[in-house]
Amino acid sequence: MGRDSVPADRFSRRRALRLAGGGLTLAVLAVGAAGCREDGSEVGGSGGSGDGASGGDKATTGGTGKDGAGKDGAGKDGQAPEPLWTKTTSALTYGDNDELVAAGGVVIASGEPLAALNATSGKEQWSLKDGAVPGAPMLLGKGTLYLASAGYDGTVAGYDPASGKETWRSHLGKEYRQPRPIAADDAQLYVVAEILEADGSSKTNVIAALNSTTGRLAWKEQRDLGTEENGIHAQVQGRHLVYTDFKKNLTVRDTATGKQVWTHRTTKTNYGFFAVYKDLVIVPQGPKLQAFSLADGSAKWSVETAESYVAFKEPAVLDDVLYIADSDRTLRALDPRTGKKIWQSDSLADAKLTVPRQYVKAGGLLYAATALDEQGGVIAIDPKTGAVRWTFNDKSGDYHAWLVATDGKHVFALHGTKLHALPV
């Protein structure tokens, strides 16, 4: 199979949102944002128990805020703790995990202006006009926050997360348009950009590596005709840059040269999410979860759901454990080296909760964020058994996906424009 080969694929809603993030504005997003409170005041928001009620900004809970948070971040009687603070932000998100980051004592949600809030107090620490392209990733590498320029001037910049001061800048070249960061390590920032034709149009794109010290081009490789610069998920592991796209491709390149090591066409897609662990890339493909060698693409292990119509969702490897749920709301903890089961839990289904799509770990708990509001939110899970401890839901009824991030001391939950800091 050739470089970045492109099988036919049908147009998806998530893909439409990511394409909108490339500079278009969806009217429905504007309407949703207008419906949120815009006073920016610091409030003591309320957690919910995941009962599915909706209709207000606050929910009844047994949590009692800072002083009432119990063991492992739980409020009284196993209910969600009240947030340490809640803020209305400028966030404009499309449901990808890289639109909320925590670093340098601040938490940042992708939006305009780009604002960094103090992790402890929720007060604005700095803001940046035209700081981020809506729908484009915010990446952390070598203590630097990398952003594509919202000025659409062909530049990519790096900032100190604590202060918002620019520390690095690079320009791929006038022959390229809208370079977007896709991954970062301590040595390089990896970007994808459109290749401009003489008439200003673009039919192809390039993947490139920029030196994270000098900003100079390390290498660039043209991708195949029909590949897109939107909808890419990527990770770096040693000498391997791994990425997927909505065309159901899984591609690995050498980080030193940019040369393609191998590419596979995946049989199914979960919108391109995957996990990397040591020398393996782990990819959900409908009812099958497969691990491939980063070195040569050979299959190493696979796990299947109980029924062929049940699909695996987004995976995460945290503290050497692979966590993944399926569409039947079965949650699994697996050994990422072998795929062997550590535990399997039906607690999500028993509580009638929405399937998680993102995970972080802090304070002895696994925190999972879901896509839907009424039966979802942020779910606190015992990482040793899969038991649900509590569910936090702001009861706003907002249709946006939940996003979570952690600095180890707090878990930050973003829902629409509302950002909550939960104790751990």
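**Core, pocket and backbone features of the predicted model**

The structure is a predicted model, in which local features need pLDDT of at least 70 and side-chain atom pairs count only at pLDDT 80 or more, whereas totals for chains, interfaces and linings use all residues. Residues are numbered from 1 along each chain as its sequence is written, and side-chain values use heavy atoms, with hydrogens and water left out.

Tyr323, together with Leu331 and Tyr359, has the most contacts inside the largest nonpolar core, a set of 16 residues. Such a core comprises buried Ala, Val, Leu, Ile, Met, Phe, Trp, Tyr and Cys residues joined through side-chain atoms within 4.5 Å; buried denotes under 20% relative accessible area, exposed over 50%, and partly exposed the range in between (1.4 Å probe, protein chains only). Two or more core residues come from each of β22 (312-318), β23 (321-326), β24 (331-334), β27 (365-370) and β28 (378-381), with the largest share, three residues, supplied by β23. Strands are DSSP runs of E of at least two residues, numbered from the N terminus.

Val317 lies in β22 and counts as partly exposed because its relative accessibility is 23%. Beyond four places in sequence, its contacts are Ala275, Val276, Tyr277, Leu322 and Pro336. The C-alpha atoms of Val317 and Ala333 are separated by 9.4 Å, with the two residues 16 apart along the chain. Ala333 has Trp343 as its bridge partner in β25. Strands β24 and β25 (residues 341-345) run antiparallel and are joined by four bridges, pairing being assigned where DSSP finds at least two bridges. In the hairpin of these strands, with six residues between them, Gly339 takes a positive phi near 80°.

The largest pocket contains about 1,100 Å³ of space. Of its 38 lining residues, Asn97, Asp98, Ala234, Gln235 and Gln358 are the closest to the centre. A pocket is an open set of points on a 1 Å grid over the protein atoms alone, where a 1.4 Å probe fits, with protein on both sides within 12 Å along at least five of seven lines; lining residues have an atom within 4 Å of a point. The volume is the space filled by probe spheres set on the points, which are joined across faces, edges and corners.

Arg329, in the loop between β23 and β24, has a positive phi of about 65° although it is not a glycine. A cis peptide bond, with omega about 0°, joins Glu112 and Pro113.

Terms used
Contact means heavy atoms within 4.5 Å.
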